[in-house]
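The following exercises are to be worked through with the sequence and the model at hand. Each task is followed by a solution in steps.

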Amino acid sequence: MATTSEHHHYRVNLSSGRTFTSKLKSSLKETCFPDDPFHGLTGLSMPAKTWYAIKYFVPILDWAPKYTFSHLWADVLAGITIASLAIPQGISYAGLAKLPPVIGLYSTFVPPLVYAIFGSSKNLAVGTTTANSLLLASIIQNLVSPSENMELYTQLFFTAAFFTGIFQMALGFLRLGLLVDFISKPTVTGFMTGITILIILQQLKGMLGMKHFTTKTDVISVLRCVFENRHEWQWQSALLGVCFLSFLILTQYVRKRQPKLFYVSAVAPLMVVVMGGLFAFLIHGQHHGIPIVGDLKKGLNPISVSQLKFQSEYIGTVAKAGIITAFVGLAEGIAVGRSFGMMKNENIDGNQEMVAFGLMNLAGSFTSCYLTTGPFSKSAVNYQAGCKTPMSNVVMSLCIMFVLLFLAPLFKYTPLVALSAVIISAMLGLFKYKQIIELYKVDKFDFCICMAAFVGVVFCNLMIGLGLSVVLGIIRALLYVARPTTCKMGNINGGEIYCDVAQYPDAYPPHNMLILQVGSPIYFANSDYLRERIARWVEDELKTRNANEDDLLYVIIDISGVSSIDNTGIGMLREVHKYLERKGIKMALTNPRLQIVDKLRISGLIDLIGECWIFLSVGDAVNTCRYAFQQESKHNSDDKV
């Protein structure tokens, strides 16, 4: 059948020429360096290559020499703006984690300085987040109660930050950013929406001036605690809280209606804290139903290296807390950085961001900080304020340093209700109901993943919600691998374009041929399914064609969408070939990729099928099969004559 190859213009390149080393290098490059960060090294001298690599790992060396006064002016304005938001948020989120308020300010001083050196995003603003604050508290307080031993409780937070930093750095250096991809967008959406509801409900303690509150995080336990302790409700706190919250919501409304006035909502939380503190100081609020923060120590971050706890009774819990929040922090921080980077057409290196996050959390664990990442609210303000470089984080840190050195004691009179109002106003913008509705409309399975996280967080606990959602996401990914898409193809009006007959009912398969398309890698997990599915296609086609007094002589399998194949997959193709051969049907493959050709050639499958039955396109395969059928028909006619 050598003549079958004469009627297609181009032949599939079946020669490899690639050594094992080159294959391994290519595979590792695509797996670990999909963004090709060192593409600029070509043609450079060794010193230049070294300097290029150093600049990659320390981005400040790249942008600092090009820094201008106009950049400085923009970054100073942006830094001061986000500092006005960072102060009340730092104090508030520390309270959410049940830590001393000053820890929140410490965590907004050192980590941003580290990120400015090693971070690749020009828009990200570093700070603590509500999700990680609550998640850490829910894990660590099961081991140590903050009300019984605040010192140990705080030290465990520092130790958790240490593990977070080590883990994030390891992921970045080993180029394992793909692991974070298992926390899907529906998971994050459901998790954050569930946490939003929990956090708002937990702020009822501050809004109502309550003294006792549950350590559980599920909504039923929280509501039960609120109503069982009605005797602790303080109308003064509730009234003041409604006023503060109304003011904050009003400033957010102004920002939405007039985007140029974004700074109004940015400075509003600080105004609430300042006005609330002044009001509580003048009326002695702590004696009139308005609890206050209490003493805040003046001074910079104390060194906490010696306070890290690695004893066996603590190590398991803090390591778990650090690793879980590392994933959540990376998923949020990298997503935020990339979102704002796209708006400015800037490339954000996910693995480099992991290294930067790891270094800043590691440094934070040594300087009395707990976990930090890139919160959306603060980064949005940084972006809207016109930041040009990570220097805005440095300016913010300098502002926090000034507060720690000189102004920290003044926040002693900050009402807890003011902090609760700040947290609630921030949470209202994180309620992703529109995204949940979109998930329901677009993909019901994504919606189920989202709701698993949401329901688990709201009615059970944070770990169950996050774990259940991630497991469902992994199951879905495995289902895609184990049950890949296959389709029957045909052409429309005898043209050269072949498409799915289910999508295009007017398309029909050519005479005597069945064209199938496999659109995923072929692995041990899906080989049996593909073999059975192809056999079912063939059996169904034979029944249909026999009813129409037509023959099935050729099966063309389009494997252009098959990116990889293993030994089990090759064995499956060999079995399909034998199955078709027993039925007198010829098998053809179209457009195998380079990696596939290498394995098919080495395994001998190409020799079994025949090189002349490997084609570059479905059209070439169809034309050759037609020609072969015509030649065979002519030969049979001549024999009869």
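Two residues are in contact if they have heavy atoms within 4.5 Å. The structure is a predicted model, in which local features need pLDDT of at least 70 and side-chain atom pairs count only at pLDDT 80 or more, while totals for chains, interfaces and linings use all residues. Residues are numbered from 1 along each chain as its sequence is written, and side-chain values use heavy atoms, with hydrogens and water left out.

**Exercise 1.** Determine the surroundings of F167.

Step 1. Locate the residue: F167 belongs to helix α8, residues 150-173. Helices (H or I, at least four residues) and strands (E, at least two) are DSSP runs, numbered from the N terminus.

Step 2. Classify its exposure. Buried means under 20% relative accessible area, exposed over 50%, and partly exposed in between (1.4 Å probe, protein chains only). F167 counts as partly exposed because its relative accessibility is 21%.

Step 3. List its contacts. With neighbours within four places in sequence set aside, F167 touches I323, A326 and F327.

Step 4. Compare sequence and space: 157 residues separate F167 from I324 in sequence, yet their C-alpha atoms are 9.9 Å apart.

**Exercise 2.** Is helix α7 mostly covered or mostly open?

Step 1. Count the buried residues: in α7 (residues 130-140), 11 of 11 are buried, and the helix is mostly covered. Among them are T130, N132, L135 and I140.

Step 2. Identify the packing partners. The buried residues of α7 pack against α4, α8, α9 (185-202), α14 (312-343), α18 and α21 (462-482).

**Exercise 3.** Describe the strand order of the open sheet.

Step 1. Apply the pairing rule: two strands pair if DSSP finds at least two bridges between them.

Step 2. Read the order. Six strands, with mixed pairing, follow one another as β2-β1-β3-β4-β5-β6. The edge strands, β2 (498-500) and β6 (614-615), each pair on one side only.

Step 3. Examine one pair. Strand β1 (residues 486-491) is joined to β2 by three bridges, and the two run antiparallel. Here M489 stands opposite D500 of β2.
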